[in-house]
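Here's a quick tour of a structure you can follow along with on screen.

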Amino acid sequence: MKIFWIIPFFLLQDTEAFLIKNAKFNLCLQASPINRNLLLENCNPESDFQDWSWQGDSLVNHGTQSCLSVSGADRVQTSLCASTAYTSWDCSNSLLSPLGTSQSYLVANRKEVALSDVRGLKAQWQDAADRSVCEEKTGHDRYFPAALTSPQVQEQTAGNATLPLGMDQQQLEELLWFFRTEDPSTWNYSVFALSLATFILGLVLLTINIVRNRKRKTLVSRNAGQTPQQAELDAKKALISVQEHRPAEPQKQEPVTPDQKAGEVVVQWKDGTVTSLYTDSSEEAI
């Protein structure tokens, strides 16, 4: 049944991020990405290393997924949230003081932070809207228990939080650190393998398409080269057939014999004899 309480906690995680700005220097608390040191830099809401959130009494940095902790007498750094270092903080009147240690406060000194008993503006911390960071914890405590508890709850006072029925403090802490200790490598490798398989499949389909297009172009060019030859051959066949079916040319008329007179009608008989149809009578006979 734990998974039902983990899901709403995971959905609410990103909505609790806020900046921790010093009231005197107007610089924001930033976790170093290369070591455990803490820095004071110009406020940048886009930087994950300046995003903090309350998880119970701990301040968690979203960039390093580590907690604000006390190391030594007055040194402050980040450490694993499940470590034995002091990671619990009390917040009152914009002052942050570690729980379980001597009465000291988180104080800004130029570009670094440390623990001191000073309670001036150097020890006062605000969010980006110049509200006390303690208000962020109050707002967090207002809806955080509701996301982790079942409808049947019993009132157990532990600071400002209400523990669920049948769940002790140790079980609640185990639930809170579930996602912080989870290794996302399996999911990342799965997504990478899926992306690689999709890329290879795309290359295969592209290669097949290119080969088919080349074959199609080769076939079209080959047919285009054969078409003129076929047309010429068909034209020759048609010409031959026309010549075969052409009617015989009429026989040439034999030239007129020299003794034939103009206007005289001549008849050629079957036996080859040529005679004049009309014989001219002489004018004397008339």
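This is a predicted model, and it holds three disulfides. Count the bonded cysteines along the chain and the pattern comes out as 1-2, 3-4, 5-6. Here are the pairs side by side.

| Disulfide | S to S distance |
|---|---|
| cysteine 28 to cysteine 43 | 1.9 Å |
| cysteine 67 to cysteine 81 | 2.0 Å |
| cysteine 91 to cysteine 134 | 1.9 Å |

Let's start with cysteine 28 and cysteine 43. The torsion about their S-S bond is about 90 degrees, so this disulfide is right-handed. The pair links distant parts of the chain, 15 residues apart: cysteine 28 sits in strand 2 (residues 28-31), while cysteine 43 is in the loop between strand 3 (38-41) and strand 4 (52-55). Are the two ends buried or exposed? Cysteine 28 is buried, because its relative accessible area is 1%, under the 20% cut-off. Cysteine 43 is partly exposed, with a relative accessible area of 34%.

Next up is the bond between cysteine 67 and cysteine 81. With a torsion of about 100 degrees about the S-S bond, it's right-handed. Cysteine 67 belongs to strand 6 and cysteine 81 to the loop between strand 7 (75-79) and strand 8 (89-92), so the link ties together parts that are 14 residues apart in sequence. Both of these cysteines are buried.

Then there's cysteine 91 with cysteine 134. Which hand does this link have? It's left-handed, with -90 degrees about the S-S bond. This pair also connects distant parts of the chain: cysteine 91 comes from strand 8 and cysteine 134 from helix 2 (residues 133-148), and they're 43 residues apart. Cysteine 91 and cysteine 134 are both buried.

What does its side chain contact? The partner is the side chain of serine 53, joined to histidine 62 by a polar contact of 2.9 Å.

Finally, go to residues 189-211, which an unreviewed UniProt entry lists as "transmembrane region". In the model, the chain over residues 189-211 is 100% helix and 0% strand. The C-alpha atoms at the ends of this stretch are 33 Å apart.

Note on methods. Residues are numbered from 1 along each chain as its sequence is written. This is a predicted model: local features need pLDDT of at least 70, side-chain atom pairs count only at pLDDT 80 or more; totals for chains, interfaces and linings use all residues. Side-chain values use heavy atoms; hydrogens and water are left out. UniProt positions are given in the numbering used here, feature names are shortened, and annotations may be inferred rather than shown by experiment. Helices (H or I, at least four residues) and strands (E, at least two) are DSSP runs, numbered from the N terminus. A polar contact is a pair of N or O atoms within 3.5 Å; within protein, one must be able to donate a hydrogen and the other to accept it, and residues adjacent in sequence count only if both atoms are side-chain atoms. A disulfide is a pair of cysteine sulfur atoms within 2.5 Å. Buried means under 20% relative accessible area, exposed over 50%, partly exposed in between (1.4 Å probe, protein chains only).
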